[in-house]
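This briefing sets out selected features of a predicted model. The points are grouped by topic and are meant to be read beside the structure.

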Amino acid sequence: MSLQFIVDGLLTGSMIGLGAIGVTLTYSILRFSNFAHGDFMAWGTYATLAVVSAIGATFGKVAPIGPLSFGWPLIVALIIGMAFTALLALLLDKVLFARLRSQGQAIIVVMASFGASMALRSLLEFTFTSRPTYFSRAIQIAMPVGFGIRITPDQIALLLLTAVLVLGVHLLMTRTQTGRSMQALSQNAALARIVGIDVASVVRVTWIIGGALACVAGVMIGILVQIRPFMGFDMLLPMFAAAILGGIGSIPGAVLGGLIIGLAEAGAVQLIGAEWRAAVSFIILMAVLFVRPIGLFGVRER
Amino acid sequence: MSETVLDVRNLEAGYEPGVPIVRGASITVRKGEIVVVLGPNGAGKSSFIKAIAGLVPITGGKVFLDGKDITAAPAHTMVRLGLAFVPQTENIFPLMSVEDNLKVACGILERREIPARIDEMYAAFPDLVRQRRTAAGNLSGGQRQMLAVARALIVHPKVLVLDEPSAGLSPKFVSMVFEMLAGIRKSGVTILLVEQNAKAALAIGDRAYVLVEGKDRHEGIASELWNDPVVAELYLGQRPLKAEKTPHAGKGDAA
């Protein structure tokens, strides 16, 4: 078999992993499964696309950076898109989740997120149609790197970006007061308040991180695959699988879970056919959970 | 007499509206004192102290800290106001290291003050230094209690409030915890605690209140209270009141 599946798997895994960070944070801090998380990805991607188009209309055609398929407008647009997606997540929390959360039943919040997911997706289809679109139609030449593996400059750049973001979030969680407050809130909400942590502000940070990373994951899909209103929703199950596989609440776990599922999917496509793609990740998920029900990096509640 | 730090007047509190657990309890805590709140099981001691800390909804009465009305203050603002609370159970973050447990509580301190303050806590609780990188969930019961108290003290509280610090500890650790509290008082910290272990608590306390059915029923000097017949009636249930019909009064009856 060709080793190309490693590159494909790492890329898919990066997209899943970046999304799974948001899923795992929402689950561990707000204690509900946010089914609208995939749609944050799609909204972030379309917002980034809109900004790219606006920059293109204002400044004319901009040359791409070196061998990459995109220039500075996409980088600027991505940062704006991340801010936009973070705001969208905050807004949705304010008008919907926060109100339902205060009534206490997690399942109601989960169902509300399902409804929000459908509404957000339909709004995208209504505004941008469901026809796929692209950041760039330029074709990139993949460079051979040995062992029969080929990789494009875009793919290298996005893998590096993922590594930087994951490291950044990990350091934020473990080395800063904000991160410690988030950990504290996920472990014991009542005690967090007692030690002086303002729960509302930690919740805001959680949405900002989750939303911004969802946007990056979506834009990665947009650059490497295509942009569609369903692009995020289709990632939902792999993202949840990654978050559970890695152990709910664990950032390194979510990313590793994403990479495992990405690699398994890519390997399965090569070995047994593309129609088994989704099934393989769930077989792995179930196998791991039978052996270790708390996930790879999960910790038993004490 | 020295100034009042904590003044609780006619406190009424409960989780559900119309079902008060605390029904008009009043206490005062003066600067530098250890005040103990005793009472039989189900007297509302725990709810009383949690209500003061902002964790149980207050439906009536007032709480003043250093003369300032803190009755309606949300729980997360209490440390800033000067009240540090140590819950009875689950009073540490089990998956965080000992050091992170201390750091996470330093939110109201100046950033540059934090390392020195953590070192002071380690100096006061040497057991914790050796375990600074250990996940707090792996500590022994006594060490957990130390960490919880250190975490509360780190923000220079005006009053340290503890909910049954001896609960669930083996006798060896119980005496250790009370020695620790006596030592903390010597360093000038005012302490209010609720306690089931009346004998040990009265041994270190200055004054004590007995809470029965959500009301403060008796107040006295801690050292005298242990032999007070009223306390024996109210709290220990050893000598039931003549007029009261108490079929389940004595624990020893069954034996």
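Helix H2 (residues 37–59) of chain A and helix H8 (residues 199–224) of chain A pack with their axes 7 Å apart and at an angle of about 65°. Angles of 65 to 115 degrees count as roughly perpendicular, and H2(A) and H8(A) are therefore roughly perpendicular to each other.

**Helix pair H2 and H8 in chain A**

- The crossing in which H2(A) passes H8(A) is right-handed.
- From H2(A), the contact is made by A:His37, A:Phe40, A:Met41, A:Ala42, A:Gly44, A:Thr45, A:Thr48 and A:Leu49.
- From H8(A), the contributing residues are A:Gly210, A:Gly211, A:Ala214, A:Cys215, A:Ala217, A:Gly218, A:Val219, A:Ile221 and A:Gly222.
- Sorted by class, the contact of H2(A) with H8(A) has nine nonpolar, eight polar and no charged residues.

**Contact between chain A and chain B**

- The contact takes 18 residues from chain A and 22 residues from chain B.
- On the side of chain A that touches chain B, the elements that give two or more residues are helix H6 (177–187) and helix H7 (189–194) of chain A.
- H6(A) supplies the largest share of that side, six residues.
- The side of chain A that touches chain B has, by class, eight nonpolar, six polar and four charged residues.

**The open sheet of chain B**

- In chain B, four strands form an open sheet in the order S2-S1-S4-S5, and the pairing is antiparallel.
- Strand S2 (22–30) and strand S5 (68–69) of chain B stand at the edges; each has a single partner strand, so one side of each is left without a neighbour in the sheet.
- Helix H1 (residues 45–52) of chain B packs on the sheet, where it touches S1, S2 and S4 of chain B. The direction of H1(B) makes about 120° with that of S1(B).
- Strand S1 (residues 4–13) of chain B pairs with strand S4 (residues 58–65) of chain B in the antiparallel sense, over six bridges.
- Within this pairing, B:Ala13 stands opposite B:Ile58 in S4(B), and the bridge partner of B:Asp7 in S4(B) is B:Phe64.
- S4(B) also pairs with S5(B) in the antiparallel sense, over two bridges. Here B:Phe64 stands opposite B:Asp69 in S5(B).
- S4(B) and S5(B) form a hairpin with two residues between them. In its turn, B:Asp66 has a positive phi of about 55°.

**Burial of helix H1 in chain B**

- H1(B) is mostly covered, as eight of its eight residues are buried.
- The buried residues in H1(B) are B:Lys45, B:Ser46, B:Ser47, B:Phe48, B:Ile49, B:Lys50, B:Ala51 and B:Ile52.

**Positive phi at residues other than glycine in chain B**

- Most residues other than glycine have a negative phi.
- B:Asn10 is not a glycine, although its phi is positive, at about 50°. Its place is in strand S1 of chain B.
- B:Asn10 is partly exposed, with 14 other C-beta atoms within 10 Å.
- B:Glu90 likewise is not a glycine and has a positive phi, of about 45°. B:Glu90 lies in the loop between strand S6 (83–86) and helix H3 (98–104) of chain B.
- For B:Glu90, 14 other C-beta atoms lie within 10 Å, and this residue is partly exposed.

**Helix pair H6 and H7 in chain B**

- Helix H6 (residues 141–153) of chain B and helix H7 (residues 171–186) of chain B pack at an angle of about 20°, with their axes 9 Å apart.
- That angle makes H6(B) roughly parallel to H7(B).
- H6(B) passes H7(B) in a crossing that is right-handed.
- In this contact, B:Gly141, B:Gly142, B:Gln145, B:Met146, B:Val149 and B:Leu153 in H6(B) meet B:Phe173, B:Met176, B:Val177, B:Met180 and B:Ile184 in H7(B).
- The residues of the contact of H6(B) with H7(B) divide into eight nonpolar, three polar and no charged.

Technical notes: Residues numbered from 1 in each chain as written. Chains lettered and ligands numbered in written order. Predicted model: local features only at pLDDT ≥ 70, side-chain atom pairs only at ≥ 80, totals over all residues. Pairing = 2+ DSSP bridges. Contact = placed C-beta atoms within 7 Å. Axes fitted to C-alpha atoms, helices over the stretch in contact; angles between N-to-C directions. Parallel < 35°, antiparallel > 145°, perpendicular 65-115°, else oblique. Left-handed = near helix turned anticlockwise from the far one by under 90°. Nonpolar A, V, L, I, M, F, W, Y, C, P; charged D, E, K, R; others polar. Buried ≥ 20, exposed ≤ 12 C-beta atoms within 10 Å, placed from the backbone.
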